[in-house]
Amino acid sequence: MTRLYSFRVWIISACLLMTFSFTGCWDVEEINRRNTANSLFLDQGQNNPVKLGISIEVPGSLLPAYNGTEQLFQKRNYIISGEGRGLLDAWKVLQTNTARSIYFGQIGAVILSDKFAKVGLTDLLDFLGRWVEIPGNTYILVTCSDPEQLLDLKLRNNFLPGNYIQTYYESPSRKSLAIPIRLWQIFTIVANRTSDIFMPLIEPSQGQYKIAGLALFSRERMVGTLDVEETEALALVKEVQNGYLTVPLGRTGDNRLVAFYNIKSNSKIQPVLSSSGQLQFIVKVLIAGSIQELQPRDVKITPAEIRRYQKAASLMVKKEITKVLTKLQKYNSDVVGFGGKLRIKYPRYWESIDWHQEFPKVGFKVETRFTSENTGVFR
Amino acid sequence: MLNEKTAIGPGLLFMLNFSAVYGYGFFLSMYFAAKYFGVNGIWGGILIFILMIPVLYIVTDLGHRFPGKSIIRYLPEITNAFPAKIIGFVYLVFLVLLTCWSLNIISRIFNLYLLPRTPFQVILGLILLIEFYITSKGIEGISRVTAFIFIFCLIFVLLFTVSSYQNFQLDNVLPIFDFTLKDLKNGKYFEGIIHLFNVGLPSAMLFMVYPYLSERRKGLKTLLVSSGLAVLLIEMVIISNIGIWGSKGVLQFDWPFMELGKQTNIPVILQTVGLFVLPIMLIQNLFAGSSFYFATAQGCSEFFGKYNYRIYRWFLLPIIFFTSVWTTNAVVIRSLFNYFVAFGFGVVFILPLFLWLIALMRPEKTAGSERGQSK
């Protein structure tokens, strides 16, 4: 009985002691004494090589407006920035512009200016990678406009920039033009060196943001861009789901078309090394989609017509993919991961070559097959 | 012959061994698998288990040959008194180092990821005090607590392990076999075997704990199944780690498991699975450390005599603390670890094998009679 009593005293004492830790579940520094950064940008400075800035929420602005009241905050975020010789140097300057300590754990996106991305990512990756707080799932994007102005935009839906980008990408109906890449994926690509980095291009549009294509990297430098159509073709090779595809059925100026939605692709890439040392990749892309639009309207599609649509879509996709692959070779940017396939099939050959010297010289044989899964509500 | 009157059944031994192998071996195995075997690191778990089988067999076989005796007690019966003293002392030194290293792992993770502003020494001291308290409960108490949390641990670990496969890229673990003669010749694979055997080092504790087993008939089976389960869970995370980061990508990180935990989530339901799993992993490590602490204290008690293990816990407390905080430099610790695993391989794999062979060669009469006693 005495033992049970003693045990209870211990339990109650332990519970009481634990209450001290409840007051600061984060730290001794409470949440309201911190600045929570929701996005980060990097650019070239005016007087220094690096400019680093963060978008911070206005304290209190995250509370929703109560019924019958108005949201008091017209704009929910502001920007602070700093310049320096390196990223930490810029960070040091940035911190002097705020009284609160900055918390990085909620960063949703990192935006790089194209000028910064063209210089190289080595320092950026080291800085971001060593910072424990930065989530590995943070999205990385490139902009050709001023990243500071981009993040300082008052979005029409009053979202914070980082949250906007996260919501865009995490929507289950995301489009094929938005091929996302996260921080941890960039680390993986850079470490393994069997492919190159790519990043979505983000630009302001209609008071909000739009994805305007894809930035291509060769090794760790940005070397070029793909437009939206090219990005969609690349998405098919990279098996990014839920896309759209509009296929013209006549010549230029002819309005006849068939449009598919819910595009899904399955690609198989096979390297073939001939005895003469010539390397070729056979790219087989199987695409499936559902008919969503037909001009002129036809509510009774015959099997022969379906085959014609499928053939037209297949040819168009083949042409687009070939065009994109040629462009990738021109920029020496293997964003598809052909190097990885080569490493698997010919590991010894892979070890003996410098992939970036070989990639522009390899041949491609593209094979596409399109399948229409259904015709929507109409027959 | 036992100082303590307590005993543990096969069930408790199962939980204790699982906690020790998983809690200690989990944190670094994926790094070493990727470092020394590259893409073939996916076979790391199987290799670990194969290496552990002879050690577990020797633990049980010597336990049967010398019933109710720990390694410290039966060493003089296998070798002469003087070599027994030296081997016993070396074994105890290794147990102290194992306790220190286990403590170091958990403290470093706390310091880097959870409490960056708290001094490393404070974190280490607090965790050591917890281990000190747990150890006071004896082997039965430690194993009962590990049994209490076993189901929670298994559920969360399985949840984490399965969800860690969401970004798995098959290409990163291909080709399945990519062993080269060059790496075999330059000793890279051998070095890898020694480093991967780090997961098997908790078996050193079993040489002290096995005499407490009440049903020795089930000893080998219990140890094989519990080690197998722990290694299987480790193996699954080795595969998912290499499958996600690639073999070279894993090597970027000091603690690959923590980085995996940061990015693992169950979409829509749970964004931070790692946050839930981390306490489980750390608790497992805490119990692993406590069992090593107990084995060390018990070993000291049997080796030096005079006091029981509770008193030796006090003597060991400053030794473990100061040895653990001797260097706070992460880079230095990593290079020291190479010597530690080599020492561990010698003490836990080669030395027991050597002792077992000598025990086999002992005069049949003595060995037979003692085996008879065990039955």
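## Words for angles

Angles under 35 degrees count as roughly parallel, over 145 as roughly antiparallel, 65 to 115 as roughly perpendicular, and the rest as oblique. Keep that scale at hand for the helix pair below.

This is a predicted model, in which local features need pLDDT of at least 70 and side-chain atom pairs count only at pLDDT 80 or more, while totals for chains, interfaces and linings use all residues. Residues are numbered from 1 along each chain as its sequence is written, and chains are lettered from A and ligands numbered from 1 in the order in which they are written.

## A helix pair in chain B

Let's start with helix H13 (residues 273-304) and helix H14 (residues 309-324) of chain B, whose axes come within 8 Å and cross at roughly 110°. Helices here are DSSP runs of H or I with at least four residues, strands are runs of E with at least two, and both are numbered from the N terminus. Axes are lines fitted to C-alpha atoms, for helices over the stretch in contact, and angles run from 0 to 180 degrees between N-to-C directions. H13(B) and H14(B) are therefore roughly perpendicular to each other.

From H13(B), the residues making the contact include B:Phe294 and B:Gln298, and from H14(B) they include B:Tyr309 and B:Arg313. Two residues are in contact if their C-beta atoms, placed from the backbone, lie within 7 Å. The contact residues divide into six nonpolar, three polar and one charged. Ala, Val, Leu, Ile, Met, Phe, Trp, Tyr, Cys and Pro count as nonpolar, Asp, Glu, Lys and Arg as charged, and the others, Gly among them, as polar.

## A sheet in chain A

Chain A holds an open sheet of four strands in the order S10-S11-S12-S13, with mixed pairing; strands pair if DSSP finds at least two bridges between them. Strands S10 (243-248) and S13 (363-372) of chain A each have a single partner strand, so one side of each is left without a neighbour in the sheet. S10(A) pairs with S11(A) (residues 257-273) in the antiparallel sense over five bridges, and A:Gly243 stands opposite A:Ile263 in S11(A).

Helix H9 (residues 303-331) of chain A packs on this sheet, and its direction makes about 150° with that of S13(A). Another helix, H10(A), lies across S11 and S12 of chain A and runs at about 40° to S11(A).

## Where the chains meet

In all, 13 residues of chain A are in contact with 15 residues of chain B. On the chain A side, H7(A) gives the most, with five residues. That side divides into seven nonpolar, six polar and no charged residues.
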